[in-house]
Number of protein chains: 2
Amino acid sequence: MRHFIEELEELQARLLEMGTLVESAIHHAVLSLVERREEMARQVLRNEDRINHLEVEIDELSVRLLALQQPMARDLRFITAAIKINTDLERMGDLAVNIVERASALIQRPRIKPLIDIPQMAHTVECMVRKSLDAFVKREPDLARAVLLSDDTVDRLKDSIHNELVSFMQKDPSVIPQAIDLILVARHLERIADHATNIAEDTLFLVKGVDVRHHLEPDI
Amino acid sequence: MRHFIEELEELQARLLEMGTLVESAIHHAVLSLVERREEMARQVLRNEDRINHLEVEIDELSVRLLALQQPMARDLRFITAAIKINTDLERMGDLAVNIVERASALIQRPRIKPLIDIPQMAHTVECMVRKSLDAFVKREPDLARAVLLSDDTVDRLKDSIHNELVSFMQKDPSVIPQAIDLILVARHLERIADHATNIAEDTLFLVKGVDVRHHLEPDI
């Protein structure tokens, strides 16, 4: 049993490590875009390897835990949630790479506007990632609920970025390629927020036994 | 043991059912766009409920299977793969809804071009979804490999759609809103293909024990 608890703690530690890497990837992907730093963009790509390796390690660890002994119902749910969350984290890492790809294209072209909303959106999204994982490992429903609320903020920011860029393009068609790349960056950030929301929903299900995935209850 | 095998078969049947619904959602989402049929778009939204319910049922069934008895290593890997694949399928359903949202906006505006590449891309993506699930339940590595190959075709189609639409916008800025919506539809289809690719990779790992997720081996 001691062995089992240690491995469960190891699983949590690995998930948190992966979360920290993903948060850093998002942060540096957006920073490389805002400050037009190509070397920083390349560094995000190099760091993705570690995230991908962690995904495999966490999967292995989860399967080993399930095989080790018959886990209790509660532990079983925790481990199956960890398998899902692992996938969410890896996808977030992919999305950070997608942002870097847009950043690399944007750095080659003239800047069309100062970037204010996108860094703000990125900051909100990074907080969501951290909070969602904290909520999961500490089993804190309040933190998970805070993540669900932030998702609306992110959606609003994405829409406002989208609309502003469309009017930029309409005024000056020469900026179309850059504007589309920025729209896509905002979309990638929104998808990262969606993954953090998934983690928060899985956490609420784990802690409260309430499945909020497809019908958000007013009282949770 | 009989009970276990029956439940395992039930799990496969549910995943296939979900796959069929997702495939139909993609098909009708794109058809509603091509043929400008609002009622069809609304039907896709109504059908999403069933996909979401299936996701919850499959999760429950997986956890029950893990709890029933200590599954063998092979079954354990199958069930943990099913948990991941379930998530992929549900995300594909969400992406079909995203396509419908773009279709509903596009139907309100003048058509800017005949749609040829997008239906072709959708057809390839639907095949990928079906093949990836078939590969999983039949444990057929050849089918899984075919899915990985199609992913490149989809990426190329997406790039060509993107470039064509950018030049459309540059020639006539009045079509910018429609062109952006079509670019996003192509992106949503590409992401669905990514999820099918995930399923194919999980299948190869299950069948061959080769993890192809982050370093595609030349000989598999």
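Reading the helices of a predicted model

Visitor: What pattern does chain A follow along the sequence?

Guide: Read along the sequence, chain A follows α-α-α-α-α-α, with six helices and zero strands. Helices (H or I, at least four residues) and strands (E, at least two) are DSSP runs, numbered from the N terminus. This is a predicted model, in which local features need pLDDT of at least 70, side-chain atom pairs count only at pLDDT 80 or more, and totals for chains, interfaces and linings use all residues. Residues are numbered from 1 along each chain as its sequence is written, while chains are lettered from A and ligands numbered from 1 in the order in which they are written.

Visitor: What percentage of the residues in chain A is buried?

Guide: A residue is buried if 20 or more other C-beta atoms lie within 10 Å of its own, exposed if 12 or fewer, and partly exposed in between, with C-beta atoms placed from the backbone. In chain A, buried residues make up 43% of the 220.

Visitor: At what angle do the axes of α3 of chain A and α2 of chain B cross?

Guide: Axes are lines fitted to C-alpha atoms, for helices over the stretch in contact, and angles run from 0 to 180 degrees between N-to-C directions. Here α3 (residues 73–107) of chain A and α2 (residues 38–68) of chain B have axes that come within 10 Å and cross at roughly 130°. That makes α3(A) oblique to α2(B); angles under 35 degrees count as roughly parallel, over 145 as roughly antiparallel, 65 to 115 as roughly perpendicular and the rest as oblique.
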